[in-house]
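Open the model in your viewer and keep the selection tool ready. We will go stop by stop.

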Amino acid sequence: MKKHNYSAGPCILPQEVFEKSAQAILNFNDSGLSLLEISHRSKDFVAVMEEARSLVIELLGLEGKGYSAIFLGGGASLEFLMVPYNLMKEGGKAAYLDTGTWANGAIKEAKYFGETVVVASSKEENYNYIPKGYTVPADADYFHCTSNNTIFGTQIKEFPTLDIPLVCDMSSDIFSRQMDFSKFDLIYAGAQKNMGPAGATLVVIKDEILGKTGRNIPSMLDYTKHIKAESMYNTPPVFPIYASLLTLKWLKKLGGIAAIEKINDAKATLLYTEIDRNPLFKGAAAVEDRSNMNATFLLNDLQHTDTFNAMLKEAGISGLPGHRSVGGFRASMYNALPLESVQVLVDVMQALEKAI
Ligand SMILES: *Cc1c(COP(=O)(O)O)cnc(C)c1O
């Protein structure tokens, strides 16, 4: 039986992406060769890279606005240090919003490069809300935030308007909701949450913000070099990029971000309505900051845990246990998770209520 996969990442991708990428491993573009055994500089793969890069820009509505999209290795975690390396001036400073584990990871790396100001933090409440009303120093080289906090189930709904570059880790909600993406100067996202298999990281950069730090940047960590080489400075992670392209094409066919946002809203509304209605459960995050991607919730009475887990298993629901730092449950409802899977989860929550 096909599972209802709520894994937080790596996670569910569209079924057709699994099928088509598996096919490309056996016989890519009817060439008689596997995608895995051809040169990344071959015509066929260069076309994949070009299409993936331009589809990212198209889906984000950034055509003609001076942005480049590149696919790198190293995960979102490598961007934690590439961002300050490329954007923080020698002797300059950067501003960060601390909304959880991943934001913290980014702050830790920035400190290797210079003064790192944390403008606000929700750490004292175990990151169950998004700080608001903070001030960003006007002389910082950039401001960094995390749009969706995968572990804690919070999501930024409104981003500040600033006169300094706005950098955002969108690893777990990129392509999930409509936004004015031109508000951001640098966006990065590990592929494995809403786009493709682990191994590729998408970085979207407004070209004009680069080259201003006065630092000597090692080549592999220099965005400018990767952009100039059209994302082929070295051998790129070909398979994750190809699978990401298939997901992007799937998204475009569906109607793009506007269409998926409606589906994501419907999924989140269905689940949060049940969390709030069902007396056995409570949400973990502040209501106004709830994430549409990762819904964190708890059983009010822990003695029902085993019964609930057994019922989840019986229904074919996988990947629901919460992260150890929150406990309880986390339903990751990424783009490829169908509404029907959420209905199955809601049915189990209601069945638990009836059973006890
Ligand atoms: C998963 C995640 C990361 C880490 O990604 P890696 O690709 O494993 O380095 C960073 N930020 C956010 C928001 C994430 O969800």
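In which loop is Ser 231 found? Select Ser 231: it is found in the loop between H5 and H6. Helices (H or I, at least four residues) and strands (E, at least two) are DSSP runs, numbered from the N terminus.

Before moving on, note that this is a predicted model, where local features need pLDDT of at least 70, side-chain atom pairs count only at pLDDT 80 or more, and totals for chains, interfaces and linings use all residues. Residues are numbered from 1 along each chain as its sequence is written, and side-chain values use heavy atoms, with hydrogens and water left out.

**Two positive phi values**

Stay on Ser 231. Its phi is near 70°, a positive value in a residue other than glycine. Most residues other than glycine have a negative phi. Ser 231 is buried, because its relative accessible area is 3%. Buried means under 20% relative accessible area, exposed over 50%, and partly exposed in between (1.4 Å probe, protein chains only).

Now select Asp 30. Look in the loop between H1 and helix H2 (43-59). Phi of Asp 30 is near 55°, again positive in a residue other than glycine. Is Asp 30 buried or exposed? Asp 30 has a relative accessible area of 71%, so it is exposed.

**A cis bond**

Next, select Gly 9 and Pro 10. A cis peptide bond joins them, with omega about -10°. Most peptide bonds are trans. Pro 10 sits in the loop between strand E1 (4-5) and H1.

**Helix H1 against helix H6**

Two packed helices are described by the angle between their axes and the distance between the axes. Show H1 (residues 15-26) and H6 (residues 238-254). They pack at about 140°, with axes 9 Å apart. Axes are lines fitted to C-alpha atoms, for helices over the stretch in contact, and angles run from 0 to 180 degrees between N-to-C directions. H1 is therefore oblique to H6. Angles under 35 degrees count as roughly parallel, over 145 as roughly antiparallel, 65 to 115 as roughly perpendicular, and the rest as oblique.

Contact means heavy atoms within 4.5 Å. The residues of this H1 and H6 contact divide into 8 nonpolar, 2 polar and 3 charged. Here Ala, Val, Leu, Ile, Met, Phe, Trp, Tyr, Cys and Pro count as nonpolar, Asp, Glu, Lys and Arg as charged, and the others, Gly among them, as polar.

**Helix H6 against helix H7**

The contact of H6 with H7 divides into 7 nonpolar, 1 polar and 1 charged.

Select Ser 176. Find it in the loop between strand E8 (166-169) and strand E9 (186-190). Ser 176 counts as buried because its relative accessibility is 3%. Leaving aside neighbours within four places in sequence, its contacts include Ile 257 and Ile 260.

Finish at Pro 218. This residue is in the loop between strand E10 (201-206) and helix H5 (223-228). At 38% relative accessibility, Pro 218 counts as partly exposed.
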